[in-house]
Amino acid sequence: MFICARCGNPSQDNSVGNKIMFMRHGKTQMNLDNICVGSIDEPICKLGVEQSQEAAEEFVSSGEKVDVIFSSPLKRARTTAEIFAKKLGVPLYFSESLSERDAGEIQGKPETPESEALLLKYDYLPKGATPLVDFEKETSLFLKGLDGNEFGNNTLLVTHGFRMLTIIKLIKGWNVDHIMRFTPPSNCQIITFFLGEPCKSCNNKFYELR
């Protein structure tokens with residue numbers, strides 16, 4: 001059964017089924033060292049490559065289907081997406097709207113769960129960072145554009161940790177307190193939603209399978 005990802009009401013729309021899968025890239029050395037990466041264009045490390053290859057193998061073994069892959073152009077996401085595209089034999093495109101948020105002056109510095117959580121607050125803006133409102137607006141526009149995707153019914157989007165948190169927050173309609181309690185997606189973790197007609201209760205177009 002499909003339920004609205006925002007309000008939880010069951011869908012009455014039999015056309016729900018366009019699968020949208022969001023995946024975080026493979027690990028980088030800065031991830032391993034607990035360093036804030038942000039918009040730094042760091043490649044995935046050897047472990048990240050192995051992680052991406054294993055994830056692609058598991059994806060194929062699961063019987064899941066992908067018609068097209070869209071990826072952030074940053075190296076860590078690009079390499080992860082290229083591994084999946086080669087394994088699955090599907091076209092790959094790039095979008096800046098899937099890139100990571102510029103975290104300004106805290107990029108390249110040690111991070112903690114507390115420092116990561118601060119980035120989710122509207123009143124916290126490190127010098128040089130992209131304002132959260134602007135980042136969310138860009139993400140929202142990208143999500144709306146997915147409704148017109150003509151590449152197939154199964155789309156995989158390879159992106160970054162903070163972008164994924166923002167995507168989940170916007171789709172679910174969560175406030176700051178709720179998203180701060182949510183466990184960030186791990187590397188190569190896939191979060192799946194389905195597109196359909198607007199929910200009759202809240203007008204949201206994203207659904208989950210229950």
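This is a predicted model: local features need pLDDT of at least 70, side-chain atom pairs count only at pLDDT 80 or more; totals for chains, interfaces and linings use all residues.
Helices (H or I, at least four residues) and strands (E, at least two) are DSSP runs, numbered from the N terminus. Two strands pair if DSSP finds at least two bridges between them. With those terms in hand, you can trace an open sheet of seven strands in the order 1-7-6-2-5-3-4, with mixed pairing. Its edges are strand 1 (2-4) and strand 4 (92-94), each of which pairs on one side only. From one strand to the next, the twist averages 30°; for such angles, axes are lines fitted to C-alpha atoms (for helices over the stretch in contact), and the angles run from 0 to 180 degrees between N-to-C directions. As background, strands of a sheet pair through backbone hydrogen bonds, either parallel or antiparallel.

Strand 1 pairs with strand 7 (residues 206-209) in the antiparallel sense, over three bridges. Look for Phe2, whose bridge partner in strand 7 is Leu209. Strand 7 also runs antiparallel to strand 6, and two bridges join them. Here Phe194 stands opposite Tyr207 of strand 7. Carry on to strand 2 (residues 18-24), which pairs with strand 6 (residues 190-195) in the antiparallel sense over six bridges. Met21 has Thr192 of strand 6 as its bridge partner.

Cys188 counts as buried because its relative accessible area is 12% (buried means under 20%, exposed over 50%, and partly exposed in between, with a 1.4 Å probe and protein chains only). Asn203 lies in the loop between strand 6 and strand 7. Asn203 also has a positive phi, near 75°, and is a residue other than glycine. With a relative accessible area of 57%, though, Asn203 is exposed.

Next, helix 5 (132-145). What is Phe135, buried or exposed? At 2% relative accessibility, Phe135 counts as buried, and its place is in helix 5. Leaving aside neighbours within four places in sequence, Phe135 is in contact (heavy atoms within 4.5 Å) with Ser99, Glu100, Arg101, Thr130, Phe162, Arg163 and Thr166. Lys19, by contrast, is 116 residues away along the chain, and 24 Å separate the C-alpha atoms of Phe135 and Lys19.

Glu138 is in helix 5 too. This residue is partly exposed, since its relative accessible area is 32%. Not counting residues up to four places away in sequence, Glu138 touches Glu96, Ser97 and Arg163. Glu138 and Arg163 are 25 residues apart in sequence and 10 Å apart in space, C-alpha to C-alpha.

Last come the open spaces. Rolling a probe the size of a water molecule over the atoms shows where empty space is left. On a 1 Å grid over the protein atoms alone, a pocket is an open set of points with protein on both sides within 12 Å along at least five of seven lines, whereas a cavity is a set where a 1.4 Å probe fits but cannot get out; lining residues have an atom within 4 Å of a point. Grid points are joined across faces, edges and corners, and a volume is the space filled by probe spheres set on the points.

The largest pocket holds about 700 Å³ of space. It is lined by 31 residues, and the closest to its centre are Arg24, Glu111, Glu116, Gly161 and Pro184. Helix 4 (113-118), helix 6 (161-172) and helix 7 (176-181) each supply at least two lining residues. The second largest pocket has about 320 Å³. Of its 13 lining residues, Arg6, Lys144, Asn204, Lys205 and Phe206 are the closest to the centre. Helix 5 gives the most to this lining, with three residues.

How values were computed: Residues are numbered from 1 along each chain as its sequence is written. Side-chain values use heavy atoms; hydrogens and water are left out.
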